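Subject: Structure for your review

Dear colleague,

Please find below the structure I am handing over to you. My findings follow it, arranged by region.

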Amino acid sequence: DGATGPQGPQGPAGADGQGGVTTAGTNVTITGAGTGLDPYVVNAGTCGLSIGDTYQGGIIFYLDATGCHGLIAAPSDQSTGIQWYNGSYSVTNAVRDGIGAGEFNTERIIANQATGAYAAQICANYQGGNYGDWYLPSKYELNLMYQNIGQGNALGLGNVGGFAGNYWSSTEYHNASAWFQYFSSGVQDYDGKDNLTYYVRAVRAF
């Protein structure tokens, strides 16, 4: 065989290829052809939800930073006068507060108080919008309802939740008392668990 000749010049660069991504996922869009001149652009879209909207069986009263998850209040009261306990004073350990704390508290109350007609139980039994994950709101969640869709009117929406009384929270104060909120003034206080004058409004997370 003869000697190998010199290497020839490099050919032109090939065309950009197009990627195979076709599914972006919920609330995410991908634009562009995936080439150097038209690269992919990924956009995390908004969910188009707002506080005060009717959604998944109730009224949105809180949205997290994504705008896609939050808390919903039932559209009407589950009771206009019911006791917090089931007839006996005890420490239920339903003392959490904050977002999502009401669900924990409700589970603790029911585990301690068992079946019966009382605030946490009627919320857990509620099936609004065919959802079965309703609960009695924590002290903090209750105040968000007052501020955002109640008489607090912090967002300028007015009382879109139709609140008309003083409402129990799921947050226990001690063995004989629990926190409630005056929706006429926004003041939170605690009272005996046997008080039959307080309203109940169930909430759920989404």
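**The sheet and its pairing**

In this predicted model, Tyr 62 stands opposite Leu 71 of strand 5. Strand 4 (residues 58-63) and strand 5 (residues 70-73) run antiparallel and are joined by four bridges. The two strands form a hairpin, with six residues between them. Within the turn, Gly 67 has a positive phi of about 75°.

On its other pairing, strand 5 is joined to strand 9 by three bridges, and this pair also runs antiparallel. Here Ile 72 has Arg 204 of strand 9 as its bridge partner. Taken together, four strands make up an open sheet with antiparallel pairing, in the order 3-4-5-9. Strand 3 (54-55) and strand 9 (203-205) are the edge strands, each pairing on one side only. Helix 3 packs on this sheet and touches strand 4, strand 5 and strand 9. The direction of helix 3 makes about 105° with that of strand 4.

The loop between strand 3 and strand 4 contains Gln 56. This residue is not a glycine, yet its phi is positive, near 45°. Is Gln 56 buried, partly exposed or exposed? Its relative accessibility is 25%, so Gln 56 counts as partly exposed.

**Helix 1 and the residue after it**

Helix 1 (residues 101-113) comprises 13 residues. From its first C-alpha to its last it reaches 18 Å, close to the 18 Å expected at 1.5 Å a residue. Its buried residues are Ala 101, Gly 102, Phe 104, Asn 105, Thr 106, Ile 109 and Gln 113. An α-helix has 3.6 residues a turn, so residues three or four places apart point the same way. What do the buried residues of helix 1 pack against? Their partners are helix 2 (119-125), helix 3 (139-149) and strand 6 (166-174).

Ala 114 follows helix 1 and lies in the loop between helix 1 and helix 2. Although Ala 114 is not a glycine, it has a positive phi of about 65°. With a relative accessible area of 42%, Ala 114 is partly exposed.

**The nonpolar cores**

In soluble globular proteins, nonpolar side chains tend to be buried together. The largest nonpolar core in this model has 25 residues. Which residues have the most contacts inside it? They are Trp 84, Leu 136, Trp 168 and Val 200. Strand 4, helix 2 and strand 7 (177-182) each supply at least two residues of this core, and the largest share, four residues, comes from helix 2.

Leaving aside neighbours within four places in sequence, Trp 84 is in contact with a series of residues, including Leu 136 and Trp 168. Also among its contacts are Ile 109, Tyr 118, Ala 119 and Ala 178, as well as Thr 92, Glu 172, Lys 193 and Asn 195. Of these, Ile 109 is one of the buried residues of helix 1.

A second, separate core has 15 residues, among them Tyr 135, Leu 144, Ile 149 and Phe 183.

With kind regards

Technical notes
Residues numbered from 1 in each chain as written. Predicted model: local features only at pLDDT ≥ 70, side-chain atom pairs only at ≥ 80, totals over all residues. Heavy atoms only, no water. Expected span 1.5 Å × (residues − 1). Buried < 20%, exposed > 50% of the residue type's maximum accessible area, 1.4 Å probe, protein only. Contact = heavy atoms within 4.5 Å. Pairing = 2+ DSSP bridges. Axes fitted to C-alpha atoms, helices over the stretch in contact; angles between N-to-C directions. Core = buried A, V, L, I, M, F, W, Y, C linked by side-chain atoms within 4.5 Å.
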